[in-house]
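Hi,

Here is the structure you asked for. Please look it over first; my notes follow below.

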Amino acid sequence: MGLPNALADNARLHQLISQALTTHPAVQAQQSLVGAAQDNVSGARWQYFPTPSVSVQNARTGATDPAYAGDSRVTVLALTQPLWTGGRIEAGVDKAQAYAQGAAAGLAESQQQLAIRVVQAYGDWLSAHRKRAAYQVGQAQHIRLKDQVARRITEGQAAASDLALAQGRLASLDADMALAITQEEVSLARLSQLLGQTVAAKSLTGSLAEPLPNSLSVSELLAQAQSYSPSLARSRSNAQAQLAAIQEAKSATLPEVSFRWEQQHGNFNYLGGPTHTRGFVNLSSRLGAGLSNFAAISEAVQRHAAAEADTESQLRSLSEQVMTDHALLVTSQSRRQALQTSAELADQVLASWDRQYLSGRKSWQDLMNSAREQVQVQAQLADLEGSQLVASWRLALTTGQLQVAAGQLQVSSGQLQVPTAEQK
């Protein structure tokens, strides 16, 4: 399935996620586990079929041993077909199928978590990248102001302490810049590890991803998340497997009925005898030592209770994540608009106070505070934009609006809304 036109602006992030899903060893490991679980189902179903066996015995005895006066080799070919097992085979198939479903859900869970990790690393990089750009503008502004006050000191119009203040603010900004650069490099390193190849900043700056708006209520998001969640599906499959394990353990306390067909070639009692063909109906028990079978039943019951509790735990964690991301998105939009307005006003105030300082109506402290506020607002906006992107993409992945299929990211059911160029 190709990308919808609305996702074109987010194509680069989409490509990063798809590449990680294709190459990451965690996904490959889960794919192998899915194959193993499917083979286990086939093995469980084969239990319905007869079991072949071959027995070859060679006897070396004394010449006077009357019990072995016949052939020295006896070969027995046999087939054993279960007729009634007390539900053991059916329970084994059910358990294997539940584990196979759990393995498939585990693969989807691994892919979903990997996609979220890529989004988180990208969002961290985006915040650091935009803060770095804001600090670069702030550095240029502070250098200009420092040079300006240095000239005024030379002309006798400013005190030396004004230059010290400008130098101190510039040094603080240099430290913030160094931290932003470190955060950017760390995020790129995380992305590189997730993708299995080096990711350079210039490969990301050409097309920056945007947050994905959401039009659904929190109750609708919770319903979608619970319906789609691979983590919940895995836990529920495990609970089903434990139910089958209980039935399997109970069947061990019951006798089994089977039919055995065998053909014997040779006879230890006499030489040259004919081939004998026999049929048997067997009634056998599978009782373990002491009360071990009943202990096995109790163990299976406890494991089922643990699986049910794990399902409830997964449900609560999922609900918490969805409500947290929804609340963040609801508040972040208004915060983003407020910060954008604040940034525009900070630019106007800085330009105005710069003029007023030169005319003597504003102090140097006021001008430097205005310059610092301009940078701080831009840095806050960068942090907000990164966290908003991460929350929106994580919410889309958690609720199944963006789904992983065949190692690719796909849009589901038309619920996902992406901002148009006009809305941006």
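Helices α2 and α3 are roughly antiparallel to each other (angles over 145 degrees). The axes of α2 (residues 25-45) and α3 (residues 88-154) cross at roughly 170° and come within 8 Å. Axes here are lines fitted to C-alpha atoms over the stretch in contact, with angles from 0 to 180 degrees between N-to-C directions. Helices are DSSP runs of H or I, at least four residues, numbered from the N terminus. The α2–α3 contact has 16 nonpolar residues, eight polar and one charged. Asp, Glu, Lys and Arg count as charged; Ala, Val, Leu, Ile, Met, Phe, Trp, Tyr, Cys and Pro as nonpolar; the others, Gly among them, as polar.

This is a predicted model: local features need pLDDT of at least 70, side-chain atom pairs need 80 or more, and totals for chains, interfaces and linings use all residues. Residues are numbered from 1 along each chain as its sequence is written, and side-chain values use heavy atoms, without hydrogens or water.

Next, Gln388. Gln388 sits in helix α9 (residues 364-398). Gln388 is buried at 4% relative accessible area (buried means under 20%, with a 1.4 Å probe and protein chains only). Its side chain makes a polar contact with the side chain of Ser332, at 3.4 Å (N or O atoms within 3.5 Å, one able to donate a hydrogen and the other to accept it). Beyond four places in sequence, Gln388 touches Pro211, Leu328, Leu329, Ser332, Gln333 and Arg336 (heavy atoms within 4.5 Å).

Last, Ile246, in helix α7 (residues 230-251). Ile246 is also buried, at 11% relative accessibility.

Best wishes

Technical notes: Helices (H or I, at least four residues) and strands (E, at least two) are DSSP runs, numbered from the N terminus. Angles under 35 degrees count as roughly parallel, over 145 as roughly antiparallel, 65 to 115 as roughly perpendicular and the rest as oblique. Buried means under 20% relative accessible area, exposed over 50%, partly exposed in between (1.4 Å probe, protein chains only).
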